Amino acid sequence: MKKILSIAGSDCSGGAGIQADIKTITAHKMYAMSAITALTAQNTTGVYGVNETSPEFVSKQLDCIFEDIFPDAIKIGMVSSKEIIEAISKKLKEYKGKNIVVDPVMFSTSGHKLMSEDAMDALKTKLLPLADVITPNIFEAESLCGFNIYGKEDMIKSAKDISKFLDAHILIKGGHLTDSADDLLFFKGNIMWFNENRIDNPNTHGTGCTLSSAIACNLGKGLNIEESVRDAKKYITRTLQAGLDIGSASGPLNHCV
């Protein structure tokens with residue numbers, strides 16, 4: 001059985017973060033492990049509180065995992081402080097973590113800011129360079145490149161700009177585009193689009209967490225990055241098509257598809 005590690009925050013309502021990651025990994029018939037970076041008080045209507053884990057305890061969790069059950073792939077989600085980012089980066093280097101997917105979670109679906117200002121530089125200089133794939137959405141890509149993205153040409157321009165300081169596959173998710181839901185995979189000047197029909201489903205809580213975890217699962221079982229993204233995209237399309245309707249606002253996905 002392949003072993004997948006999620007390093008992320010906890011969502012007490014079960015739709016995003018660690019909980020979405022574990023569900024996704026389990027749906028892929030793999031063994032899920034977690035290092036929790038923060039507890040959040042949230043539900044489908046928003047985020048109402050964040051309680052960060054200490055960097056020392058994040059490190060201790062990672063020691064326990066890597067020294068006993070070495071992961072075949074790693075997904076990293078919410079890392080809200082410079083100190084936590086530095087602790088994770090140090091451990092990934094120490095243990096030579098592989099197949100690393102970073103979802104640079106800066107904002108919740110409801111627009112709540114999840115990353116402090118001083119964490120941004122640490123993210124760009126310490127954590128993202130360790131990734132094999134990063135999966136920013138439009139807003140996160142804008143934060144990384146410094147300009148607004150209005151369409152697919154801007155997505156390409158953004159990926160080129162990010163690639164100036166990052167030697168990784170850059171997957172810019174197009175879910176917030178108005179005319180399509182196409183995702184862009186960019187690496188060393190090569191452009192690949194992943195096209196899927198936009199699913200008419202307002203319940204999208206945890207889509208970013210789910211997609212990045214699915215990519216990590218696929219990398220863990222030996223698929224290349226293009227194959228991993230393609231299969232993950234198909235999986236998340238199925239989770240949306242299932243039409244689960246839980247909660248009073250933007251609800252979670254049905255991971256059991």
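**Legends to close-up views of a predicted model**

Among contacts in the protein (heavy atoms within 4.5 Å) between residues at least 6 apart in sequence, 67% join residues at least 24 apart. This is a predicted model, in which local features need pLDDT of at least 70, side-chain atom pairs count only at pLDDT 80 or more, and totals for chains, interfaces and linings use all residues. Residues are numbered from 1 along each chain as its sequence is written, and side-chain values use heavy atoms, with hydrogens and water left out.

View 1. Helices (H or I, at least four residues) and strands (E, at least two) are DSSP runs, numbered from the N terminus. Along its principal axes, the C-alpha trace spans about 45 × 40 × 35 Å. Buried residues (under 20% relative accessible area, with exposed over 50% and partly exposed in between; 1.4 Å probe, protein chains only) make up 54% of the 257 residues.

**View 2. The largest nonpolar core contains 43 residues.** Such a core is a set of buried Ala, Val, Leu, Ile, Met, Phe, Trp, Tyr and Cys residues joined through side-chain atoms within 4.5 Å. L5, I76, V79, I88 and I134 touch the most other members. Helix α3 (residues 82-95) gives the largest share of this core, five residues. Another core, of 22 residues, lies apart from it and includes M30, A73, F194 and C217.

**View 3. I76 and its contacts.** Not counting residues up to four places away in sequence, I76 touches I7, I88, L92, I100, V101, V102, D103 and L127.

**View 4. D183 lies in strand β8 (residues 183-187).** Is D183 buried or exposed? With a relative accessible area of 4%, D183 is buried. A polar contact (a pair of N or O atoms within 3.5 Å; within protein, one must be able to donate a hydrogen and the other to accept it, and residues adjacent in sequence count only if both atoms are side-chain atoms) of 2.9 Å joins the side chains of D183 and K233. A polar atom of the D183 side chain also lies 2.8 Å from the backbone nitrogen of G174.

**View 5. T53 is found in the loop between β3 (46-52) and α2 (55-66).** T53 counts as buried, at 15% relative accessibility. Its side chain reaches the backbone oxygen of I36 at 3.0 Å. Not counting residues up to four places away in sequence, T53 touches I36, T37, A38, V58, Q61 and I84. From C-alpha to C-alpha, T53 and F70 are 22 Å apart in space, and they are 17 residues apart in sequence.
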